[in-house]
Structures are given as C-alpha cells and as structure tokens.
Amino acid sequence: MKKEIDGEIFEVPRHVAVILDGNGRWAKKRLMPRNFGHKAGAKTLEDACEIVYDLGIEYFTVYAFSTENWKRSVEEVSGIMNLLRDYLVNSIERADKNNMKISVIGDRTRLADDIKDAILRLEEATKNNTGLKFTIALNYGGRDELTRATKDIAKEVAEGKLSIDDITEDVISSHLDTRELPDPDLLIRTSGEIRTSNFLPWQIAYSEFYFTDVLWPDMNRDNFIDAIRYYNGRERRFGGVK
C-alpha cells in the first residue's frame with residue numbers, strides 16, 4: 001500500500017515483524033537492573049502499536065520471549081513474567097480503545113496457568129476488532145514451532161487424514177502458529193545484533209531484513225520510518241528476475 005508519510009510517498013509493508021532487543025543494555029547504560037529495561041521496553045511496545053498502525057502497517061508481530069530465554073536468571077524471568085501479567089490485563093482496555101486484535105503464538109504449556117488464562121481472555125476480548133493485527137511471540141522458538149507442526153502432520157498421516165504426497169508448503173504453513181497471518185514483508189531487529197535468533201525461520205524466507213543499533217526502549221516513530229525507507233530501497237524478486 002502506498003502512503004504519504006511526512007511528505008514522502010512510501011510503499012508500506014503489510015506485515016512487519018520485530019525482534020525486540022536491547023532492554024538489558026538500555027538499563028545497564030543507566031546503571032539500573034535489567035528488569036528496569038524490560039519495563040521501559042513494554043512502554044515502547046505500547047507506543048509502537050499506535051505508531052505502526054498510523055503508518056499504515058496492518059500486521060505487527062513481535063518477539064517478546066523465546067524458548068531460550070528461560071536460561072536467564074530466575075530474577076529476570078520472574079520479572080518478565082510479572083510484567084507480562086500486567087501487560088496482558090491492561091492490553092484489553094488499550095485494544096478496545098485502538099480497535100486492535102491481539103493474538104499470542106508459541107508454546108503455552110510452560111506458562112503459568114494465570115498467564116494462559118489472561119491470554120485466552122485477551123484473545124477472546126479482541127477477536128472482532130478490525131484495526132491492527134498485533135501478534136506476540138511468547139515462549140516461541142522457530143525450531144520448536146516447526147517440530148510441533150511436524151508432529152501434527154505426522155499424526156494426521158498416521159490417522160489416514162493426510163497422505164505423504166499431500167504434504168506441500170501450504171500444508172506445512174497451515175500447521176504453523178502463524179497460519180492466520182501473511183508472511184512478514186519486513187523484519188526489524190534492534191540493538192545492533194545481526195541474526196534472526198530462531199524467530200519465524202519458515203515465514204521470513206523472503207522477508208527484507210533491517211538491522212538498527214537503536215536499543216528497543218529508544219525505538220520511536222522516526223526509527224520505524226527509517227526502516228520503511230530502507231524497505232522501499234529494496235527490490236523484492238522472490239527468487240525471480242526483474
């Protein structure tokens with residue numbers, strides 16, 4: 001979709017995915033504990049949802065907590081989970097205000113029961129909203145997602161519901177957590193790290209990548225516009241030739 005933003009005409013990506021990185025370093029620069037950075041990052045995420053929708057982005061997916069993040073200190077993980085509890089509860093009111101549909105992807109089995117219940121309430125409360133489609137990747141890992149999808153497909157084959165010859169890329173996609181989402185057009189990673197860290201490996205096969213040194217809590221509207229400007233400088237060929 002073409003849109004004028006601050007006097008420039010851009011082709012706005014339909015789906016933007018972001019690896020939220022740099023909360024801990026942001027806090028360290030301020031001589032504060034890591035969870036202080038996570039709290040600041042959560043506030044930035046609230047603002048980002050309004051920013052990206054105002055810029056014309058339809059789908060916004062963020063990597064909030066990975067399957068590997070459990071390896072962090074008990075104090076940090078506990079702090080993140082408590083922050084998540086508050087965020088999920090408060091998101092219902094924000095979503096109603098902004099007509100935002102929220103969904104959560106990832107393996108919920110390891111999450112506390114009250115968090116799982118809060119996710120279900122949030123998804124139910126926002127399912128009919130027609131604004132930004134906001135997806136939170138929580139206890140998510142791309143390899144874990146593909147493993148779970150493979151097991152589901154294998155079970156359907158074993159039960160005779162699916163034959164091996166029926167397995168196509170579309171069938172695999174339909175068994176992923178993101179089956180209701182288009183693949184990301186643009187992947188952003190903050191904080192200067194240049195890797196995808198097990199985030200949506202199947203889905204980002206043809207995404208454009210934008211890496212920025214900006215730490216996530218400092219990410220603002222101008223930074224998102226910079227990412228869109230970069231995206232507009234890319235020629236998307238999807239393996240073909242133009």
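Helix α3 bends by about 35° at Ser-91. The model is predicted. In it, α3 has 25 residues and spans 34 Å from its first C-alpha to its last, close to the 36 Å expected at 1.5 Å a residue.

**Helix α3**
- Ser-91, where the helix bends, is one of its buried residues.
- Others buried in α3 include Glu-76, Val-77, Ile-80, Met-81, Leu-84 and Arg-94.
- Just after α3, Asn-99 has a positive phi of about 55°.

**Nonpolar cores**
- The largest nonpolar core has 46 residues, and those with the most contacts inside it are Val-18, Phe-60, Phe-134, Ile-188 and Phe-224.
- Apart from this core lies another, of ten residues, including Tyr-63, Leu-187, Phe-199 and Leu-200.
- Leaving aside residues up to four places away in sequence, Ile-188 touches Val-16, Ala-17, Val-18, Ile-19, Tyr-210, Met-219, Phe-224 and Ala-227.
- In soluble globular proteins, nonpolar side chains tend to be buried together.

**Ser-66 in strand β4**
- Ser-66 lies in β4, which runs over residues 59-66.
- Ser-66 counts as buried because its relative accessible area is 7%, against a cut-off of under 20%.
- Ser-66 touches Asn-139 and Tyr-140, not counting residues up to four places away in sequence.

How values were computed. Residues are numbered from 1 along each chain as its sequence is written. This is a predicted model: local features need pLDDT of at least 70, side-chain atom pairs count only at pLDDT 80 or more; totals for chains, interfaces and linings use all residues. Side-chain values use heavy atoms; hydrogens and water are left out. A nonpolar core is a set of buried Ala, Val, Leu, Ile, Met, Phe, Trp, Tyr and Cys residues joined through side-chain atoms within 4.5 Å. Buried means under 20% relative accessible area, exposed over 50%, partly exposed in between (1.4 Å probe, protein chains only). Contact means heavy atoms within 4.5 Å. Helices (H or I, at least four residues) and strands (E, at least two) are DSSP runs, numbered from the N terminus. The expected span of a helix is 1.5 Å times one less than its number of residues. The bend at a residue is the angle between axes fitted to the seven residues ending there and the seven starting there.
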